[in-house]
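Please read it alongside the structure below.

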Amino acid sequence: MKTIIFVFGTRPEIIKLAPVILAMKKRESDYKVILCNTEQQKELSNQTLEYFGLKADYNLDCMRENQSLSSVQSRILTSLDKVFEENSIDAVVVQGDTMTVLCGALTGFYHKIPVFHVEAGLRSYDIYEPFPEEVMRQMTSRVAELHFAPTVDNMVALLNEGISEDKIHVVGNTVIDALFCLSDEVVENSKKFFSDKNIKIDNKLVLITAHRRENHGERIDRIIDAIKYLAEKYSDHTFVIPVHPNPNVHDKIYNRLEKYDNIKLLPPLDYPNLVYLMKNAKLILSDSGGIQEEAPTFGCPVLVMRYETERKEGIEAGVSKLVGADYDKIVEESEKILFRGKSETRLSAKNPYGDGKTAVKIEQIIREYFRV
């Protein structure tokens with residue numbers, strides 16, 4: 001039996017690791033699974049674990065107010081070191097590009113334990129877009145033993161960086177697996193959730209998320225200006241914004257947009273409710289990485305409010321478009337969609353990020369690695 005530790009801390013990490021965790025937990029005689037939550041997003045991460053019926057074995061409570069990147073990194077590394085010393089671990093699984101991912105990979109490296117990186121090979125090649133994630137995922141690749149790349153483009157990026165081909169496996173993205181976990185009951189619960197809040201879910205729904213660090217400051221001001229214009233012009237549309245708790249985002253959005261009747265400001269949503277909005281939206285404006293991957297499953301166009309994206313497959317497939325934090329581009333591209341009916345704007349392109357069978361492939365590759 002091999003002891004596998006999953007290190008995570010944010011909602012997207014849990015969403016994308018949960019299918020792999022569940023696949024490994026089914027093979028109780030082969031794996032002992034340890035779940036370690038740094039609680040980089042404390043409430044969101046624990047809420048999402050519950051949705052998948054999972055509970056962390058370790059909760060590290062590593063975040064503090066107004067912390068620097070270096071201070072949170074040192075805190076996570078120190079906490080993880082204690083966890084690793086308490087257990088005999090055969091492999092570390094991390095996902096994506098957060099501070100938690102980098103710290104999990106470094107701790108595994110320091111203990112000479114193989115690191116398995118889910119969602120490997122995403123690159124923008126601009127170390128400040130997204131910041132600090134681009135550097136974190138590149139550094140994680142330097143110490144990973146197995147690289148689970150969602151697409152061929154991701155594999156090529158890793159090969160170009162000198163990663164051995166036998167360590168790279170193109171498997172798709174586990175975020176698509178997670179979408180298929182939604183039951184009919186969950187969908188109905190989400191429907192009631194928005195009904196209770198008097199939020200109309202119809203053919204004129206716009207979903208907006210904005211939280212990335214590089215969009216703070218003047219960029220978030222320009223994004224808000226664009227939303228304000230669109231909400232005023234398309235007053236028959238409903239704009240739903242789950243507002244990130246970071247005060248650099250939260251306070252500005254509430255101060256400037258709360259007064260509009262057709263803009264619905266909500267606290268961060270749990271995973272099923274967010275998926276329900278994606279499924280029903282006419283348009284999505286977002287700087288999120290995960291939404292770029294999920295929305296094509298539902299045929300919903302996405303305008304990416306970033307200047308660079310490591311998820312170029314969606315751009316190439318025509319399911320998403322880069323608009324940055326550029327007021328004119330956000331307004332222009334949004335209007336191309338908003339003035340038309342929802343049925344006219346639905347996308348028929350196949351989701352380029354996966355087929356919902358990624359977790360099974362990853363488990364099989366790990367089993368072969370250990371020859372369990």
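The model is predicted: local features need pLDDT of at least 70, side-chain atom pairs count only at pLDDT 80 or more, and totals for chains, interfaces and linings use all residues. Residues are numbered from 1 along each chain as its sequence is written, and side-chain values use heavy atoms, without hydrogens and water.

E39 sits in the loop between β2 (31-37) and α2 (42-51); helices (H or I, at least four residues) and strands (E, at least two) are DSSP runs numbered from the N terminus. E39 is buried, where buried means under 20% relative accessible area, exposed over 50% and partly exposed in between (1.4 Å probe, protein chains only). E39 has no salt bridge, defined as a side-chain nitrogen of Lys or Arg within 4 Å of a carboxyl oxygen of Asp or Glu. The nearest side chain of opposite charge is K42, 4.5 Å away; Lys and Arg count as positive, Asp and Glu as negative, and His and the chain ends are not counted. Leaving aside residues up to four places away in sequence, E39 touches F8, G9, S45, N46, N59, L60, D61 and M63, contact being heavy atoms within 4.5 Å.

Rings of Phe, Tyr and Trp (its six-membered ring) pair if their centres lie within 6.5 Å; planes under 30 degrees apart count as stacked, over 60 as edge-to-face and the rest as tilted. The count comes to 11 aromatic pairs. Two of them are tabulated here.

| Pair | Centre distance | Plane angle | Class |
|---|---|---|---|
| F193 and F194 | 5.0 Å | 90 degrees | edge-to-face |
| Y369 and F370 | 5.0 Å | 85 degrees | edge-to-face |

F193 is partly exposed at 25% relative accessible area, whereas F194 is buried at 0%. Y369 is partly exposed at 33%, and F370 is buried at 18%. Y51, F52 and Y271 form one aromatic cluster.
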